[in-house]
Amino acid sequence: MMNSLLTRLAHRLLEVPMIFELQESLCNDYGSIRKEFSEYLSKDGLKILDIGCGTGVSASVIVDMEHQSYTGIELMSGYAAIAAKRNPKGKVLAMDATKMDFPSHSFDLAFFSGVWHHMDDKTVRRVLVETKRVLKTKGVLLVAEPLFTPGRWYSNMLLKRDRGRHIRTRDGYLALVKDWYTERERTFNFSLHRSLSLVLRPKAPR
Ligand SMILES: C[S@@+](CC[C@H](N)C(=O)[O-])C[C@H]1O[C@@H](n2cnc3c(N)ncnc32)[C@H](O)[C@@H]1O
């Protein structure tokens, strides 16, 4: 009872953009994402789309704003406003990823950092259709999502209380990407958690 009250209170507080920004800055080691995907992220000149960018803390670590073109989209306008201030060299838009307002084949690389576990399967599938549309034919999609991990009780305890209600198993995440070619799949440590890391390519239409 007390536990669930505290969890609900924490969730309400995280809806306040500045509090969410503080939590992202203090609790999340985005350097590990940069490192995990370094061979894909280290090219100059990439046009990058960050889907569900939150308050932009992750992008400020993951993306080279000087040498790459960055666009972040975020459902919550308050988060997007903070992300825009944090990343003035990029572009941040309040936008629903299920209905992206970009021309087809606009981006070289798109990434989701901790976003799918906030979406049910139907929403992820809709977002993936849009992602495929806005990515270039030879574009790449990077995904990092948390996993429950046997023996990591502290991680599992926090994830059970996460605002994202759709933390899946490895197979659960992979079931969502049947229409994509999986170039690489592995796991890595992200802060206290074990995360799934996927590198996906759009499959050519048959
Ligand atoms: C856990 S946060 C991750 C933020 C950031 N990517 C990071 O790595 O810190 C998930 C974000 O996805 C956003 N989101 C959820 N559904 C969305 C949608 N349909 N379109 C755009 N953003 C969405 C949420 O508002 C939230 O800011």
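Modeller: Happy to! Let's start at glutamate 185, which lies in strand E6. Strands here are DSSP runs of E with at least two residues, helices are runs of H or I with at least four, and both are numbered from the N terminus. Before going further, please keep in mind that this is a predicted model, where local features need pLDDT of at least 70 and side-chain atom pairs count only at pLDDT 80 or more, while totals for chains, interfaces and linings use all residues. Residue numbers start from 1 along each chain as its sequence is written.

Glutamate 185 counts as partly exposed because it has 15 C-beta neighbours inside 10 Å. On this scale, with C-beta atoms placed from the backbone, 20 or more other C-beta atoms within 10 Å make a residue buried, 12 or fewer make it exposed, and partly exposed is in between. Leucine 200 is 15 residues away from glutamate 185 in sequence, and the two C-alpha atoms are 8.8 Å apart in space.

Strand E6 covers residues 180-190, and serine 191 is in the loop between E6 and E7. The phi of serine 191 is near 50 degrees, a positive value in a residue other than glycine. As background, most residues other than glycine have a negative phi. Serine 191 is partly exposed, because 13 C-beta neighbours lie inside 10 Å.

Phenylalanine 37 is 157 residues from arginine 194 along the chain, with 15 Å between their C-alpha atoms.

The largest nonpolar core holds 47 residues, among which Ile51, Ala110, Leu142 and Val143 touch the most other members. Two or more residues each come from E1 (47-51), H5, E2, H6 (77-86), E4 (107-113), H7 (121-134), E5 (135-147) and E7 (193-202). E5 gives the largest share, 7 residues. By nonpolar core I mean a set of buried Ala, Val, Leu, Ile, Met, Phe, Trp, Tyr and Cys residues joined through C-beta atoms within 7 Å. Beyond four places in sequence, isoleucine 51 is in contact with Ile73, Ala97, Ala110, Phe112, Val115, Val127 and Thr131.

Isoleucine 73 also gives us a reference point for lysine 91: they are 18 residues apart in sequence and 8.6 Å apart in space, C-alpha to C-alpha. Lysine 91 is in strand E3, residues 91-94, and touches Tyr70 and Thr71 beyond four places in sequence. Its 13 C-beta neighbours inside 10 Å make lysine 91 partly exposed.

Ala97 turns up again at the ligand. Among the 20 residues around the ligand, Gly52, Gly54, Ser58, Ala97 and Ser113 come nearest, where being near takes a C-beta atom, placed from the backbone, within 6 Å. Helix H5 (57-62) and strand E2 (69-74) each supply at least two residues of this shell. By class, the shell has 9 nonpolar, 8 polar and 3 charged residues. Ala, Val, Leu, Ile, Met, Phe, Trp, Tyr, Cys and Pro count as nonpolar, Asp, Glu, Lys and Arg as charged, and the others, Gly among them, as polar.

Finally, the whole view. The protein chain has 9 helices and 7 strands. Its radius of gyration is 16 Å, close to the 17 Å that the globule rule gives for 206 residues, so the chain is as compact as a globular protein of that length. That radius is taken over C-alpha atoms, and the rule is 2.2 Å times the number of residues to the power 0.38. The C-alpha trace spans about 50 × 35 × 30 Å along its principal axes, and buried residues make up 36% of the 206 residues. Of the contacts between residues at least 6 apart in sequence, 65% join residues at least 24 apart.

Key:
Two residues are in contact if their C-beta atoms, placed from the backbone, lie within 7 Å.
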